[in-house]
Amino acid sequence: MTNERVLVAGAGLMGHGIAQVLAATGRTVGLYEPDRARAVAGRDRIAGNLDRSVAKGRLGGEERDAILGRIDPTDDLAAAAADIDLVVEAIFEDLAAKSALWSDLDRRAPDRAIFASNTSSIAIDRLAATVGVARRARFVGMHFFSPVPIMPLIELIRGSATSDETEAAVRSLAVEMGKQVIVSADRPGFIVNRILMPFLAEAMRAYEEGLGSADDIDTGARVGLNHPMGPLELADFIGLDVCLSVMKVLQDGIGGDQFEPPNVLQELVDAGNLGQKTGRGFHTYPRT
């Protein structure tokens with residue numbers, strides 16, 4: 001794959017991990033946030049990830065330095081997009097915000113650039129509609145899973161105009177990153193969240209109804225279903241605001257009671273209790 005210069009738009013939970021695995025392939029990566037401090041914070045999180053890998057003997061010090069040296073935090077979208085081969089968008093799961101970013105990037109990026117969205121639920125054709133017709137053949141869904149450096153899966157979602165060449169380029173890049181690809185039709189939630197979100201919502205409703213404590217519900221899934229994380233713990237890890245957004249996309253796009261966000265989820269989000277990132281959700285977490 002010839003995509004040597006990459007822009008990752010969004011330096012949060014997903015974006016900084018995506019930047020890390022791309023830089024590990026030898027590519028130069030711009031890490032963009034409109035607030036430079038947030039872009040720098042994303043690079044600092046990558047440094048922490050790499051330091052832990054060195055401490056565990058998984059990575060050498062020189063390789064750590066080389067990976068980190070290929071990541072450039074920036075708040076200058078025009079300069080970052082001027083000579084890129086690939087953009088991976090990893091901002092919040094909101095159609096209006098993503099559409100505005102893609103429209104801006106369409107004006108700034110070279111015609112050759114592939115546009116890949118890390119959306120976990122929004123239809124690719126809805127996002128591709130914000131760019132010019134000629135660009136849509138190079139627009140694709142590339143859904144990573146958290147934590148990105150560890151989770152080995154990518155969901156590839158083709159829009160109606162996505163070309164075979166674009167799919168082949170994404171598959172080639174996935175192999176370089178050590179990821180396995182599954183292909184989903186361009187429908188809300190794709191494969192994984194279409195299955196996952198009703199499960200999480202039902203666990204939340206069980207908690208809301210007093211069927212069991214958060215600990216007992218999660219232990220039931222871990223021990224009884226052999227899941228690595230309980231559903232409420234997993235929702236806290238994903239971010240309750242993200243879960244709420246994805247459930248709303250599924251409810252609007254597919255319908256059905258199974259996708260309706262439970263009241264307790266809305267209440268937690270309204271209160272600012274978003275899970276691990278705020279220190280409180282269905283469980284409480286130590287703040288570092």
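The model is a predicted one, so local features need pLDDT of at least 70 and side-chain atom pairs count only at pLDDT 80 or more, while totals for chains, interfaces and linings use all residues. Residues are numbered from 1 along each chain as its sequence is written, and side-chain values use heavy atoms, with hydrogens and water left out.

The chain holds twelve helices and eight strands (DSSP runs numbered from the N terminus: H or I of at least four residues for helices, E of at least two for strands). Its C-alpha trace spans about 55 × 45 × 30 Å along the principal axes. Of the 288 residues, 51% are buried, that is, under 20% relative accessible area with a 1.4 Å probe, counting protein chains only.

The eight strands of an open sheet line up as S3-S2-S1-S4-S5-S6-S7-S8, with mixed pairing (two strands pair if DSSP finds at least two bridges between them). S3 (71–74) and S8 (180–184) sit at the edges with a single partner strand each, so one side of each has no neighbour in the sheet. Ignoring direction, neighbouring strands are turned by 25° against each other on average (axes are lines fitted to C-alpha atoms, for helices over the stretch in contact, and angles run from 0 to 180 degrees between N-to-C directions). Inside the sheet, S1 (residues 5–9) and S2 (residues 28–32) run parallel and are joined by five bridges; Val6 stands opposite Val29 in S2.

As for the helices, H1 (residues 13–23) is mostly covered, with ten of its eleven residues buried, among them Met14, His16 and Leu22.

Terms used
Buried < 20%, exposed > 50% of the residue type's maximum accessible area, 1.4 Å probe, protein only.
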